[in-house]
Amino acid sequence: MRRPTRPARRFTGAVAVLAVAGLTLTACGRDSASEDGGPGQTDAISEGKASGTIEVWAMGTEGEELGDFVKDFESDNPEATVKVTAVPWEAAHDKLSNAIAAGETPDVSLIGTTWMGEFAEAGGLEPTPEGLVDEADFFEGPWGSTVVGDTSYGVPWYVETRVLYYRTDLAEKAGWSEAPQNWDELKQFATDLEKKAGAEYGMHLQPGQTGSWQTVLPFAWSNGASVTNEDGTEYTIDTPEMQEALEYYKSYFDEGLANDGTLDPGELESGFADGKYGAFISGPWHTGLVEDAGVKTDQYAVAPLPGKDSAPGTSFVGGGDLAVFADSDNKENAWKLVQWLSEPDVQSAWYETIGDLPAVKSAWESGELASDEQLQVFGQQLETTVAPPAVPSWEQVAAVIDADVEKAVKGAMPVDEAVKDMQSQAGSIGTGL
Amino acid sequence: MRKQQARAAWILAAPFLVLFLVFTAGPVLASLGMSFTDIKRTDIRTPFAVGFIGFDNYAQLLGDPLFRKVMVNTGLYVVLGVPLTMGLALAVAVMLNRIERLKGLFRVGYYLPVVTSIVAVSVVWKFLLRPEGGLINEALGLVGLPQPEWLDNPDLALPALVVMAAWRNLGSLMIIFLAGLQTIPDEVKEAAQVDGARGWDVFRRITLPMLKPTLLFGAVITSIGYLQFFEEAFVMTKGGPLDATRSVTFFTYDQFGYGNYGLAASASYLLFIAVVVLTYVQFKIFGEKD
């Protein structure tokens with residue numbers, strides 16, 4: 001073998017550097033034309049038993065319990081093995097986005113509903129096959145969280161929605177035997193809780209800051225506002241409906257019915273137990289929290305959100321979707337697992353295992369989900385919900401809304417300007433689709 | 001022989017060089033490159049198929065009212081925090097340099113906050129600053145002073161964080177100043193006293209000038225630290241109220257979170273430039289001239 005002489009080696013080195021630089025440069029630049037709309041749904045999967053190894057990532061309690069839960073699936077499909085990896089929620093977003101970037105994804109994962117837009121747009125998720133499940137079996141709001149552009153990228157697995165929590169004993173003292181049904185009643189309700197029943201604040205509403213959009217937007221949705229246009233290509237925040245809703249929200253702070261200071265974790269629950277706060281709006285996890293704080297089960301109740309004119313108003317819906325990755329090499333079988341997890345009796349069994357509320361409507365027709373009064377309120381509310389838009393830039397725009405809500409509530413900016421500012425910032429950020 | 005030595009040197013240096021190139025120089029250059037593109041999180045699968053947009057990110061940042069606000073916040077934090085911390089640290093150091101008894105106890109006491117986790121410190125201070133039942137407001141109430149909502153008031157939140165930062169960081173400066181004070185020979189001070197200089201004159205005309213290099217060092221490291229403040233606000237106020245405690249680093253963190261990698265990289269480089277400029281100015285003002 002002939003060894004190259006020194007100058008030659010140096011020359012090849014230089015060529016290599018130039019070549020790499022050239023490749024990098026030519027590879028730069030965006031593809032100018034992105035096709036209109038998303039890709040269509042993929043073809044239907046075949047009939048028959050699943051086989052092979054299906055890798056699943058799931059977070060939190062879901063991740064811990066799913067491994068045992070899928071034993072039934074494995075005994076129905078003897079040739080399939082399901083490998084569940086539990087991922088902590090805090091690390092999940094980065095882990096998923098790194099996996100998608102590297103093309104080293106599992107086959108299926110639980111995906112937070114607000115991440116769908118971003119992962120689908122990055123090309124990480126596989127469109128749901130034609131005929132895998134029937135859209136009509138699911139609540140409408142949660143189904144919306146899987147739809148990015150015009151294409152659905154997965155199936156809702158479990159859901160959570162926000163309802164009105166209130167102290168029944170205080171309400172009775174204030175002369176209310178039923179929950180308020182509309183905006184005017186809600187305002188009167190809060191006033192009475194304060195004036196007649198001695199609560200320091202009739203309602204707790206979040207005065208802006210992280211996550212306050214989840215309480216503000218339901219008022220706007222109930223009033224007919226929508227934050228994006230139908231295909232999610234443009235933000236449409238600046239509407240009279242949005243302004244009116246924010247005006248209404250702000251009035252609670254102006255009239256001293258809600259506290260504009262920030263609360264530490266636990267303060268709301270202990271305040272609710274002490275009768276400092278008469279009511280608040282939150283999700284299903286709060287039943288456990290308020291009971292831990294010492295509120296007896298006959299001292300409080302939940303009710304569907306008041307609408308502008310009648311209950312139920314439109315609430316926020318969150319939860320988790322199941323999606324199959326574009327880089328999975330076992331897609332068919334992965335979808336079969338997703339299909340199995342969406343069966344009504346599997347959904348109710350899953351509720352009994354860890355208490356996740358089912359996304360499939362018919363799972364609510366039997367067992368505890370059908371008989372428990374509190375749960376029925378959540379079930380009823382789920383019929384009228386909206387999911388936040390499944391677009392990649394949502395988290396950023398949500399932060400803009402949070403900041404402007406705070407400015408409006410604290411009087412640092414008039415409501416109409418705050419709403420205009422939301423729109424102008426959201427407009428320049430773009431939906432990212 | 002010399003060639004062999006050179007080769008040995010390269011071999012010994014290689015592990016460091018490789019690590020440095022891969023984990024330091026590489027990412028630094030990549031982030032600098034990113035700051036001139038419109039790369040977003042949705043581009044992770046095709047990182048080279050992004051638009052080259054020159055200085056657009058930088059222009060966008062400088063035109064963004066929120067970024068301007070966080071620049072002002074960060075500037076205020078430095079302008080209020082650095083003199084306060086240095087003044088307190090110098091006072092404590094001079095005091096500790098004088099006393100004979102319990103020196104060790106005080107030194108440990110003042111240094112303890114430095115070795116305590118910033119997150120733990122922030123959580124405890126959050127309790128101290130609570131509007132109702134917080135130790136500070138209880139104390140103010142006892143002497144009949146108003147009890148403000150420290151962290152919910154946009155005008156007070158940043159100053160409250162500055163005071164906490166001064167308390168936390170004065171320990172390390174104190175140690176440095178103490179070492180500086182001990183290098184000043186007693187003979188010089190004694191000579192000055194023989195010439196009739198009194199305590200304050202000695203401090204102003206002898207101690208301070210001789211401490212100048214130490215003070216410069218203290219100012220530079222404190223400013224660099226304060227320009228990057230983040231954890232205190234992250235734990236105590238989440239950047240609020242009304243963005244009054246959001247810093248440039250916090251803004252950058254948010255932008256990375258939103259997936260705007262290009263914009264976030266530009267924000268970090270603007271902060272880097274600020275660090276360089278401020279350090280240069282400090283060297284110009286306090287350095288050299290003898």
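What follows is a working chat about a predicted model with chains A and B.

Colleague: Let's start with the contact between the chains. How many residues does each chain give?
Modeller: Chain B puts in 19 residues and chain A puts in 27 residues.

Colleague: And the chain B side, how does that divide by class?
Modeller: The side of chain B that touches chain A has 8 nonpolar, 4 polar and 7 charged residues.

Colleague: Over to chain A. What does the domain assignment give?
Modeller: Two entries. Domain 1 of chain A covers 52-161 + 317-383. Domain 2 of chain A covers 163-315 + 389-429.

Colleague: How far apart do the C-alpha centres of those two lie?
Modeller: The C-alpha centres of domain 1 and domain 2 of chain A are 29 Å apart. Their contact draws 19 residues from domain 1 and 17 residues from domain 2.

Colleague: Which elements of domain 1 give two or more residues to that side?
Modeller: Helix H5 (116-121), strand S4 (147-148), strand S6 (155-161) and helix H16 (373-382) of chain A.

Colleague: Which one has the largest share?
Modeller: H16(A), with 5 residues.

Colleague: And the classes on the domain 1 side?
Modeller: There are 7 nonpolar, 8 polar and 4 charged residues on the side of domain 1 of chain A that touches domain 2.

Colleague: Sheets next. What's the strand order in the open sheet of 3 strands in chain A?
Modeller: S8-S7-S9, with antiparallel pairing.

Colleague: Why is one side of S8 and of S9 left without a neighbour?
Modeller: Strand S8 (279-282) and strand S9 (300-303) of chain A are at the edges. Each has a single partner strand, so one side of each lacks a neighbour in the sheet.

Colleague: How much are neighbouring strands turned against each other?
Modeller: By 25° on average, ignoring direction.

Colleague: How many bridges link S7 to S9?
Modeller: Strand S7 (residues 163-167) of chain A pairs with S9(A) over 4 bridges, in the antiparallel sense. Take A:Tyr165: A:Val302 in S9(A) is its bridge partner.

Colleague: What joins A:Ala311 and A:Pro312?
Modeller: A cis peptide bond, with omega at about -5°. A:Pro312 sits in the loop between S9 and strand S10 (315-324) of chain A.

Colleague: Now the chain B helices. How do H11 and H12 pack?
Modeller: Helix H11 (residues 248-258) and helix H12 (residues 261-286) of chain B pack at about 165°, axes 8 Å apart. H11(B) and H12(B) are therefore roughly antiparallel. The crossing is left-handed.

Colleague: Which residues make that contact?
Modeller: From H11(B), B:Val248, B:Thr249, B:Phe251, B:Thr252, B:Gln255 and B:Phe256. From H12(B), B:Tyr261, B:Leu263, B:Ala264, B:Ala267, B:Ser268 and B:Leu271. By class, the contact of H11(B) with H12(B) has 8 nonpolar, 4 polar and no charged residues.

Colleague: Then H9 and H12. Parallel or antiparallel?
Modeller: H9(B) and H12(B) are roughly antiparallel. The axes of helix H9 (residues 199-227) of chain B and H12(B) cross at roughly 165° and come within 10 Å.

Colleague: Left-handed or right-handed?
Modeller: The crossing of H9(B) and H12(B) is right-handed.

Colleague: Who's in that contact?
Modeller: The H9(B) residues include B:Leu215, B:Leu216, B:Ala219 and B:Val220. Among the H12(B) residues are B:Leu271, B:Ala274, B:Val275 and B:Leu278. By class, the contact of H9(B) with H12(B) has 11 nonpolar, 3 polar and 1 charged residues.

Colleague: Another pair. At what angle do H3 and H7 of chain B cross?
Modeller: Roughly 40°. The axes of helix H3 (residues 65-98) and helix H7 (residues 157-182) of chain B come within 6 Å. That angle makes H3(B) oblique to H7(B). Their crossing is right-handed.

Colleague: How do the residues of that contact divide?
Modeller: The contact of H3(B) with H7(B) has 23 nonpolar, 5 polar and no charged residues.

Colleague: Last one. What is phi for B:Lys238?
Modeller: Positive, at about 55°, although B:Lys238 is not a glycine.

Colleague: Where does B:Lys238 lie?
Modeller: In the loop between helix H10 (231-236) and H11 of chain B.

Conventions: Residues numbered from 1 in each chain as written. Chains lettered and ligands numbered in written order. Predicted model: local features only at pLDDT ≥ 70, side-chain atom pairs only at ≥ 80, totals over all residues. Contact = placed C-beta atoms within 7 Å. Nonpolar A, V, L, I, M, F, W, Y, C, P; charged D, E, K, R; others polar. Axes fitted to C-alpha atoms, helices over the stretch in contact; angles between N-to-C directions. Parallel < 35°, antiparallel > 145°, perpendicular 65-115°, else oblique. Left-handed = near helix turned anticlockwise from the far one by under 90°. Domains from an automatic or database assignment. Pairing = 2+ DSSP bridges.
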